[in-house]
Amino acid sequence: MDTIFNSDSKLFKGHSIYGEWIVKHGLPTFNYTANPLTLKQAEWDPIVLPKTRRHPHVIGNTAIKAVVDNMGTASIFTETEVMRYIVSADHDKGGSGLTLIDEAGGTTWGTSMYTAPEGVVIQRQFGPQFFSVLLENKGITVERELIMPEGDTPWVFVRVRCQRRKRNHSSLLKNGR
């Protein structure tokens, strides 16, 4: 049967200047690979605020929401007691929710567009109830995933995976970890 959840389906195919659709965790996911800091078409006018290159997307459940964006950051919003941001986003720089790698030589890089190493492609994956940021630099792969399960419990899970691909890069990490 030809369904949108089958990545080989004609219904599923589609891409844009920003990325392409993939399947992750069995769900349709947009894999955003463009660099919005350099892509001219990424700038837009929200009318009530200054022009921006930040493209927000809301995920969550009935109790808590995350406003995630193409810069690789997240803001957390709750409606459990009153409507309020727990972590609020800056109009241009986005929210928090990033992972930083401190190299032994003093260089620091991370999972947002503002902290990523120059020339490294960051994958920002937007799913219905999750948001992932993946990048690889100097043999180290970092994946940061924000997961918000269905229901009315205000749970936000953050999973960070760091993996060293090549043994000869052990000196990059402080204390050899």
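Trainee: Which residue stands opposite Glu136 in β12?

Mentor: Thr141 does. Keep in mind that this is a predicted model.

Trainee: How do you know that β11 and β12 pair?

Mentor: Pairing needs at least two bridges. Strand β11, residues 130-137, and β12 have 8 bridges, in the antiparallel sense. So the two strands count as paired. They form a hairpin with 2 residues between them. In the turn, Lys138 has a positive phi of about 50 degrees.

Trainee: What makes β12 largely enclosed?

Mentor: Look at its residues. Of the 8 in strand β12, 7 are buried, so the rest of the structure largely encloses the strand.

Trainee: Why is Thr29 called buried?

Mentor: Buried means under 20% relative accessible area. Thr29 has 0%, so it is buried. Thr29 sits in strand β3. A polar atom of its side chain lies 3.1 Å from the backbone oxygen of Leu27. Among the residues in contact with Thr29 are Trp21, Phe126 and Phe130.

Trainee: Why is the aromatic pair of Tyr18 and Tyr32 called tilted?

Mentor: Check the centres, then the planes. Rings pair if their centres lie within 6.5 Å, and these are 5.5 Å apart, so they pair. Stacked needs under 30 degrees and edge-to-face over 60; this pair has 35 degrees, so it is tilted. Tyr18 lies in the loop between β1 and β2 and Tyr32 in strand β3, so the pair ties together parts that are 14 residues apart in sequence.

Trainee: Are Tyr18 and Tyr32 buried or partly exposed?

Mentor: One of each. Tyr18 has 21% relative accessibility, so it is partly exposed. Tyr32 has 4%, so it is buried.

Trainee: What makes the pair of Trp21 and Phe30 edge-to-face?

Mentor: The planes are 70 degrees apart, and the cut-off is over 60, so the pair is edge-to-face. The centres are 5.4 Å apart. Trp21 is partly exposed at 40%, while Phe30 is buried at 15%.

Trainee: Which residues do ring pairs link into a cluster?

Mentor: Tyr18, Trp21, Phe30, Tyr32, Phe126 and Phe131. The structure holds 7 aromatic pairs.

Methods. Residues are numbered from 1 along each chain as its sequence is written. This is a predicted model: local features need pLDDT of at least 70, side-chain atom pairs count only at pLDDT 80 or more; totals for chains, interfaces and linings use all residues. Side-chain values use heavy atoms; hydrogens and water are left out. Buried means under 20% relative accessible area, exposed over 50%, partly exposed in between (1.4 Å probe, protein chains only). Helices (H or I, at least four residues) and strands (E, at least two) are DSSP runs, numbered from the N terminus. A polar contact is a pair of N or O atoms within 3.5 Å; within protein, one must be able to donate a hydrogen and the other to accept it, and residues adjacent in sequence count only if both atoms are side-chain atoms. Contact means heavy atoms within 4.5 Å. Rings of Phe, Tyr and Trp (its six-membered ring) pair if their centres lie within 6.5 Å; planes under 30 degrees apart count as stacked, over 60 as edge-to-face and the rest as tilted. Lists of a residue's contacts leave out its neighbours within four places in sequence.
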